[in-house]
Amino acid sequence: MENTEIRELKVRHITKRFPGVLASDDISLTVGRHEILALVGENGAGKTTLMNIIMGLYKQDSGKMFINGEEVNFKSPNDAFDAGIGMVHQQYMLVPNMTVLENIALGMKSCWKGTWVDLDSVRSKINEISEKYGLVTDPDAYIWQLSVGEQQRVELVKTLCLGAKFLILDEPTSALTPQETDELIILLKKMSSELSIIFISHKLNEVKALSHKVAILRHGRVVFEGNTADYSSKDIAEMMTGHKVNITENNEEQVNGTPALTVKNLCVKSDRGFYALDHFNLEVNAGEIVGLAGVSGNGQRELAEFLNGLRKCESGTYTFFGTSLANKTPGEIIASGMGYIPEERNVEGIVPSMTIKENLILKDSESSRFSSHKILKNKIIENYAEEMMSRFDIRSPHINFTAGSLSGGNIQKVILAREISRKPRFLVCVYPIRGLDMGAAEFIHRQLLELRTNGVGILLISEELEEIMNLSDRIAVIFKGKIQKVLKKNEANTKQLGILMAGVKDDE
Amino acid sequence: MELMINTLTLTARFTVALLIASMGEMFNQKSGIFNLGCEGIMSMGAFLGMLVPFLYGGAGTVPGYINAAGLIAGALCGALMGLLFGVVVISFRAPQGIAGIGLQMFGVGLAGTFFRSYIGGTQSITGINAKAIPVLSEIPVLGPILFTHNPVVYIAYLMVPVAWYIIFKTPWGLKIRAAGTYPKAADSLGINVNKIRYESLAVGGAMAGFAGAFLTLCQAKMFNAGIISGRGFIAVALVYFGQWHPVKIFLGALLFTFAQSLQTQIQIFVPQFGYYEFLTMLPYILVIAVLAFNRKSNKFGPAALGKPFNREQRV
């Protein structure tokens with residue numbers, strides 16, 4: 001099998017069940033030589049499961065796989081590597097406290113010499129791959145020192161070093177900045193002259209730009225297969241979600257609400273000790289959405305944490321509907337009507353090991369609505385959870401499933417349900433649709449606009465300019481802990497925002 | 001001066017059991033398994049270290065290879081107990097802390113029971129004796145501190161660079177580190193995480209068993225049920241103390257034993273100092289204090305420590 005070219009990879013009638021979920025339902029797909037297949041589908045549609053089966057990480061319940069017409073049966077990723085298939089997982093598979101070199105050596109069995117590791121051979125292999133594809137990496141850097149974009153390059157180099165001639169990329173752009181995404185697309189296009197690629201994504205502009213063929217998965221089934229060029233993004237989006245997709249836009253007139261949240265001269269330190277926010281000023285009124293645009297790492301995380309009492313400020317004021325909330329506890333801030341959709345939904349937004357219904361009442365377990373005399377009212381909680389599940393379209397077999405078992409979009413809906421049903425006076429949303437598919441994103445955006453109509457002030461922190469432009473009444477650009485400029489919705493355009501985000505002050 | 005030389009000589013010798021056990025525990029923890037049962041494994045090792053020469057020659061002198069057999073028996077038993085622990089925490093995914101406490105009680109209890117039925121009362125053995133190395137031991141100050149020990153002591157010190165080499169330079173060490181930090185990544189590269197964890201439990205157990213046998217054969221020359229007296233737990237603490245790095249663990253073991261030796265020597269040399277209970281507490285307070293101030297810097301620690309690996313578990 002080794003070193004033979006993969007002219008065709010075929011999977012036939014693959015079925016895989018997880019407890020309570022049919023993740024792959026009779027899936028058949030074919031990828032030809034030097035072809036790029038885009039596999040699209042909403043979260044939880046079963047894309048990653050299928051890829052893990054191809055890599056030999058999961059064992060299918062039934063179904064077969066063929067390479068060049070011959071049946072193969074991968075028992076571990078080693079078998080897949082030997083056959084020339086490599087995968088870049090969505091969650092990077094790099095050990096943070098090891099160097100790039102060591103991470104690649106971990107997979108390159110040819111450099112294991114019994115009592116020592118031949119790191120020099122790994123190094124020369126890395127150099128060879130780097131030169132061939134223009135993928136620059138520092139072999140001696142530790143993974144924890146690298147940015148997300150750099151880590152992804154390492155993943156690609158690693159996969160190629162292991163001899164992959166068939167690449168599987170699981171949402172490779174989900175954590176990249178727009179520039180990094182463009183570079184990756186160009187690179188992959190170049191690579192497709194030598195490799196076959198399965199590209200998982202739900203960003204349809206990327207799918208259109210890159211792929212030859214597209215296959216759409218929904219609820220574990222292939223619902224469509226065709227040539228990418230024959231269909232528009234809109235067609236694909238509709239088949240993916242199963243219904244017409246409307247871009248959610250904030251078209252309403254700006255209302256002149258009363259000031260809801262005001263911070264002045266705010267200085268907040270980051271974990272590493274420098275000032276992440278440096279004399280930062282911002283004002284958000286009731287009934288408006290202010291989009292905070294910026295490349296991540298410019299103080300957004302610290303701002304969101306400070307506003308919700310999770311981080312202390314060194315100096316400055318924080319006024320919330322007339323009362324000062326600076327350095328108050330999260331409990332006090334929640335009690336004064338603040339809602340929060342945190343950046344890391346899996347670890348900050350929910351307790352993954354607790355059930356959906358428990359996560360839904362996490363902020364109100366002490367309220368008289370859900371408990372009396374310190375005992376939870378189970379029946380009321382269950383009814384409430386059922387209601388939330390249907391109102392917010394949370395897709396899970398049961399309210400007693402752990403929240404951690406849900407897909408990203410459904411986790412976000414649980415968080416949104418909890419925050420919105422508490423009737424907040426204000427909402428801080430951090431990257432609310434990061435990594436979500438269009439259906440879930442659309443749903444979440446509609447909910448935010450509805451909140452706005454009801455007079456709630458919203459601070460929307462995002463890197464996606466499209467999201468910010470579509471939803472915001474005003475747009476503030478953050479750079480190195482300071483506000484660069486605040487623009488009205490109709491004054492802003494993408495190009496100008498991009499320039500401001502890069503740190504250039506325009507004085508037009 | 002004499003107090004200091006005595007203290008350092010004792011430190012060099014008494015560190016050994018602790019050092020070997022904590023090196024073993026380091027292998028466990030590097031691969032992601034937290035083995036609180038170290039104390040129990042050491043107990044069984046100590047018992048076998050006594051039993052083998054005792055059955056052969058009682059309290060009399062026995063040939064060197066019999067003593068070596070005692071050490072090896074301790075190590076083999078330790079490896080088996082490590083594997084047993086592996087079955088519980090790796091294959092059955094039992095919570096490691098609780099299972100470790102179970103293993104500790106099991107080991108200590110079993111050693112005590114066997115001791116009563118096979119040896120009976122307090123007995124002593126000749127064991128392995130210290131031997132001064134000619135010429136080198138004559139060097140003033142350093143001579144007695146470094147070159148008046150029994151041969152096993154030198155082997156133990158050699159384990160520090162060897163462990164360092166294994167962890168950082170061999171393919172096996174690479175796999176251990178990956179399995180303990182990010183098992184999913186190791187798995188995605190076709191590395192059998194559970195196999196690696198079993199292997200390192202066997203090695204770690206063997207080292208703990210060896211350390212126990214060292215205690216009876218080279219240090220105490222006798223056995224009783226309480227002989228380990230918390231060394232197994234100190235070994236676990238030292239691994240945190242040394243932040244999973246062999247050299248730092250070695251320094252930690254030295255520091256701890258130094259404090260312990262110092263307090264015994266103060267009791268001997270300064271008998272008028274009445275509060276010896278406080279002196280006995282000194283080494284333990286030291287460990288707690290250092291651990292308390294050490295919490296932040298675990299960037300290089302095994303992040304998956306204590307978590308069973310399950311490929312199909314999501315989130």
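Me: Which residue stands opposite A:Leu37 in E9(A)?
Reply: Opposite A:Leu37 stands A:Lys213 of E9(A). Please keep in mind that this is a predicted model.

Me: What makes E3 and E9 of chain A a pair of strands?
Reply: Two strands pair if there are at least two bridges between them. E3 (residues 36–41) and E9 (residues 213–218) of chain A are joined over five bridges, in the parallel sense, so they meet that cut-off of at least two.

Me: How do E9(A) and E10(A) pair, and over how many bridges?
Reply: E9(A) and E10 (residues 221–227) of chain A pair over six bridges in the antiparallel sense. One facing couple is A:Ala215 with A:Glu225 of E10(A). The two strands make a hairpin with two residues between them, and there A:His219 has a positive phi near 50°.

Me: In what order do the six strands of the open sheet in chain A come?
Reply: The order is E16-E19-E20-E13-E21-E22, and the pairing is mixed.

Me: Why are E16 and E22 of chain A said to stand at the edges?
Reply: E16 (338–341) and E22 (482–488) of chain A each have a single partner strand, so each has one side without a neighbour in the sheet. From one strand to the next, the twist averages 15°.

Me: How many bridges join E13(A) to E21(A)?
Reply: E13 (residues 289–293) and E21 (residues 474–479) of chain A run parallel and are joined by four bridges. Within this pair, A:Val290 has A:Arg474 as its bridge partner in E21(A).

Me: Which helices lie on these strands?
Reply: H9 (residues 300–307) of chain A packs on the sheet, where it touches E13, E19, E20 and E21 of chain A. The direction of H9(A) makes about 150° with that of E19(A). H15 (residues 438–453) of chain A lies across E13, E19 and E20 of chain A, and runs at about 150° to E20(A).

Me: Why is A:Ile356 called buried?
Reply: A residue is buried if 20 or more other C-beta atoms lie within 10 Å of its own. A:Ile356 has 26 other C-beta atoms within 10 Å, so A:Ile356 is buried. The residue is placed in H12 (residues 356–360) of chain A. Leaving aside residues up to four places away in sequence, A:Ile356 touches several others, including A:Ala385, A:Ile394, A:Phe401 and A:Val414.

Me: How far from A:Thr181 is A:Ile356?
Reply: The two are 175 residues apart in sequence, and their C-alpha atoms are 34 Å apart in space.

Me: How does the span of H9(B) compare with the expected one?
Reply: H9 (residues 193–220) of chain B has 28 residues and reaches 39 Å from its first C-alpha to its last, close to the 40 Å expected at 1.5 Å a residue. There is also a kink of about 30°, centred on B:Phe214.

Me: What makes H9(B) mostly covered?
Reply: Of the 28 residues of H9(B), 24 are buried. After the helix comes B:Lys221, with a positive phi near 60°.

Me: How many residues of chain A are in contact with chain B?
Reply: In chain A, 26 residues are in contact with 20 residues of chain B. On the side of chain A that touches chain B, H2 (77–82) and H3 (100–107) each supply at least two residues. H3(A) gives the most, with four residues. The residues of that side divide into 16 nonpolar, nine polar and one charged.

Notes
Residues numbered from 1 in each chain as written. Chains lettered and ligands numbered in written order. Predicted model: local features only at pLDDT ≥ 70, side-chain atom pairs only at ≥ 80, totals over all residues. Expected span 1.5 Å × (residues − 1). Bend = angle between axes of the 7 residues up to and from the residue. Buried ≥ 20, exposed ≤ 12 C-beta atoms within 10 Å, placed from the backbone. Contact = placed C-beta atoms within 7 Å. Nonpolar A, V, L, I, M, F, W, Y, C, P; charged D, E, K, R; others polar. Axes fitted to C-alpha atoms, helices over the stretch in contact; angles between N-to-C directions.
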